[in-house]
Amino acid sequence: MKRWKLWLPLALLAVLALVLARGLQLNPREIPSPLIGKPAPAFVKPLLDGGSFDSRSLQGRIVLLNVFASWCGPCREEHPLVTQLAKRHPQVAFVGLNYKDEPTAATRWLRELGNPYSAVVVDADGRVGIDYGVYGVPETFVIGADGRVAFKHVGPLTPEVIAQRIEPLLK
C-alpha cells in the first residue's frame, strides 16, 4: 500500500513534463482566437479622413483588417509588406483599424509611408479592438466573403506569413 505513495510523485512529475513539453512546441505568434470561423463583429466608426464606416458595407467581399498605430514600431516595419500585398490584391478590401491613436499622428504617418487602405477606421477608444480580441498592435485579420473570420495573425506580418497563410485566403 505504501508503494503507490512512492510512484505518485513520479507519475505527477511525468504528466507535468509532458504538458510543459507540449507547451514548448507551440508557436507564440499563434494565439488562438475564438473568432475563427465565426461572423466578424460588425461596427460603425468614424473614418480618419472624415465620414463614417459601417463594416457591413463590405459584406460579400474578402477583407483584410490590419490593426495599426503610428506609435507602433513593428507597424512601421510591416507597413511596406501590407502596401505590396494591397497592390497585388486590388479585389480585396484592405481596411486599416487605427487603434488608440491620435488622428493627426495617424494621418501624418500614412502620408509619410503611403496609404494602402481603402478605408482607415478610427478606433480611439479601442472598442472594435476589444470586440476582435486584439492583444496589441499590429494584428491582422482576414475575413472571408461569407463574413466569417478566417485568420488572425498577432505581430508584424512577414513574407513567410503572407505567402503561406494570407495569400491563399485572398484568392
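Student: Which side chain has a polar atom 3.1 Å from the backbone nitrogen of Gly 136?

Tutor: A polar contact is a pair of N or O atoms within 3.5 Å; within protein, one must be able to donate a hydrogen and the other to accept it, and residues adjacent in sequence count only if both atoms are side-chain atoms. Here the side chain is that of Glu 139. The Glu 139 side chain also reaches the backbone nitrogen of Tyr 135, at 2.6 Å.

Tutor: This is a predicted model: local features need pLDDT of at least 70, side-chain atom pairs count only at pLDDT 80 or more, and totals for chains, interfaces and linings use all residues. Residues are numbered from 1 along each chain as its sequence is written, and side-chain values use heavy atoms, with hydrogens and water left out.

Student: Is Glu 139 buried or exposed?

Tutor: Buried means under 20% relative accessible area, exposed over 50%, partly exposed in between (1.4 Å probe, protein chains only). Glu 139 counts as buried because its relative accessibility is 0%. Beyond its neighbours within four places in sequence, Glu 139 has contacts (heavy atoms within 4.5 Å) that include Leu 65, Val 134 and His 153.

Student: How many residues of strand S5 are buried?

Tutor: Strands (E, at least two residues) are DSSP runs, numbered from the N terminus. In S5 (residues 119–123), five of five are buried. Side chains in a regular strand alternate between the two sheet faces. Ala 119, Val 121 and Asp 123 lie on one side of S5, Val 120 and Val 122 on the other.

Student: Which residue of S5 is the bridge partner of Gly 96?

Tutor: Strands pair if DSSP finds at least two bridges between them. S4 (residues 93–99) and S5 pair in the parallel sense over five bridges. Val 120 is the partner of Gly 96.

Definitions and conventions. Helices (H or I, at least four residues) and strands (E, at least two) are DSSP runs, numbered from the N terminus.
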